[in-house]
Amino acid sequence: MSKPIRLIETEWPDYTAAPLPVGSDAAVYRRRLQATRSRMELAGFDTLIVYADREHFGTMVWLTGFDPRFEEALLVVSKDRLPLFIVGNECENYLGASPMCAAGEIRHERYQPFSLINQPRADSRQLAEILAGEGIGSGSRVGVAGWKYFTEGEHPDPAHAIEAPSFIADTLRALAGYDAVTNQTAMFMNPLDGLRTIADADDIALFEHANSVVSRSVRAMIFAMREGMSDFEVLQAAGMNGMPLGCHPTFCTGDSAPLGLAGPSGNTLQLGRPLSFNMCVWRANCCRAGWLAHGANDLPEPSRDYVEAFAGPYVQALDRWFSMMRPGVSGGAVKAEVDRLLPFDKFGVFLNPGHLIDTDEWLSSPIFQGSQMPLRSGHVMQVDIIPASPVYFSTRMEDTIVIADESLRAELKARHPGVHARIMARTSFMRDGMGFDVPDSMLPLSDMAGIAPPFLFNPEKLIALG
């Protein structure tokens with residue numbers, strides 16, 4: 001049975017800002033490459049091609065620490081030689097960002113067609129020549145990892161649906177044969193056993209820092225909001241520090257609100273209008289939605305029972321969602337509970353109620369209808385349950401949590417005691433201050449965990465349970 005909801009007036013907890021952890025060293029990436037080679041051997045293919053570009057970089061960053069920024073890039077991993085970066089003109093200067101490349105453990109070759117249009121093209125070999133030199137030819141079995149894999153319901157031949165650009169896929173197929181080149185993205189991104197889907201204690205420290213940064217920015221935006229301000233002025237209050245963005249900031253006011261993905265555009269904050277907004281960097285996204293109001297009387301008359309009819313039931317559903325963040329719970333069970341508590345005809349929750357997050361804002365999700373995939377210790381989950389209503393607009397408490405068994409929690413406490421202490425403080429606030437059912441296995445990373453003001457001009461009025 002759901003706990004009763006109540007509106008309370010309370011000060012927000014003031015957590016210590018999470019410091020930036022020491023960056024990953026070459027040993028981390030050596031282990032990841034070794035795990036990748038083990039999967040390659042198990043799957044029986046000789047060479048793995050990892051594709052990356054400005055939008056699709058997550059697997060390459062995870063494997064090497066290198067992000068190609070505004071060019072394309074390939075990482076060639078074979079069984080018996082050092083990996084090879086294939087990069088354009090401007091990426092060469094960034095290769096030192098990869099600790100393994102800086103240590104001479106990844107080679108590189110410049111392939112100028114990966115550069116921007118009309119830049120120099122005179123001194124690089126053809127892609128086919130480079131790849132043939134890495135041993136790709138007749139008889140080879142080649143895997144390609146990009147940013148998406150497919151099921152039989154999505155494509156008639158999912159194994160051969162390569163989501164790298166045609167000029168790369170065609171070159172690989174010309175060298176090795178069509179059947180020999182297969183999509184291997186699931187090796188990294190499948191929520192059941194993908195290499196990128198499980199975080200260790202050091203990873204959690206990086207996630208916690210990113211979530212502290214974005215949630216403190218969102219908090220600053222909320223407390224800066226005043227009627228008549230422009231959305232640009234509110235964004236200025238975020239005070240972001242220059243960390244790489246995971247997606248563009250959104251700020252949807254007035255008529256732009258239903259668009260959802262609209263960014264700041266000069267609109268002003270108007271009393272009685274809805275608002276949704278977010279800040280997102282690598283490994284963290286913090287999003288809130290509500291009304292530009294001091295209380296229910298500022299809302300349009302049909303929407304004045306917003307807390308009782310819409311935002312409150314949403315918070316009750318989140319309470320149940322939190323309680324299920326335990327290793328072994330099936331993703332399908334989570335989906336079924338959210339559907340039961342937030343019926344679609346009223347709340348319109350269309351996308352998965354929760355997904356994995358990394359440097360790419362949406363990695364994959366074990367939570368979908370009928371899913372038998374279990375939640376796993378080390379899953380970093382985005383609390384991404386997005387209701388929509390023509391009367392009540394929306395509400396949101398979108399933050400990041402980690403599912404951690406006793407062993408991972410002990411490792412985190414031993415290796416990063418400050419991270420562990422901040423997580424315990426957030427957990428205490430969610431349980432004791434807001435009434436949420438937070439199991440020991442759910443570690444909140446956001447400084448706004450448990451906080452979603454329904455009336456954004458009165459941010460200390462919050463929905464609590466019990």
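1. Helix α7, which covers residues 201–224, lies across β8, β9 and β10 and runs at about 25° to β10. Helices here are DSSP runs of H or I of at least four residues, strands are runs of E of at least two, and both are numbered from the N terminus. Axes are lines fitted to C-alpha atoms, for helices over the stretch in contact (heavy atoms within 4.5 Å), and angles run from 0 to 180 degrees between N-to-C directions.

2. This is a predicted model, in which local features need pLDDT of at least 70 and side-chain atom pairs count only at pLDDT 80 or more, while totals for chains, interfaces and linings use all residues. Residues are numbered from 1 along each chain as its sequence is written, and side-chain values use heavy atoms, with hydrogens and water left out.

3. The open sheet has four strands in the order β8-β9-β10-β13, with antiparallel pairing, where two strands pair if DSSP finds at least two bridges between them. Because β8 (250–253) and β13 (396–398) stand at the edges with a single partner strand each, one side of each is left without a neighbour in the sheet.

4. Within this sheet, β9 (residues 274–281) and β10 (residues 284–291) run antiparallel and are joined by eight bridges; valine 281 stands opposite alanine 284 in β10.

5. Helix α9 (residues 306–323) lies across β10 and β13, and runs at about 25° to β13.

6. Glutamine 112 is found in the loop between β5 (107–110) and α4 (127–133), and counts as buried because its relative accessibility is 2%, the cut-off being under 20% relative accessible area with a 1.4 Å probe and protein chains only.

Definitions and conventions
Buried means under 20% relative accessible area, exposed over 50%, partly exposed in between (1.4 Å probe, protein chains only).
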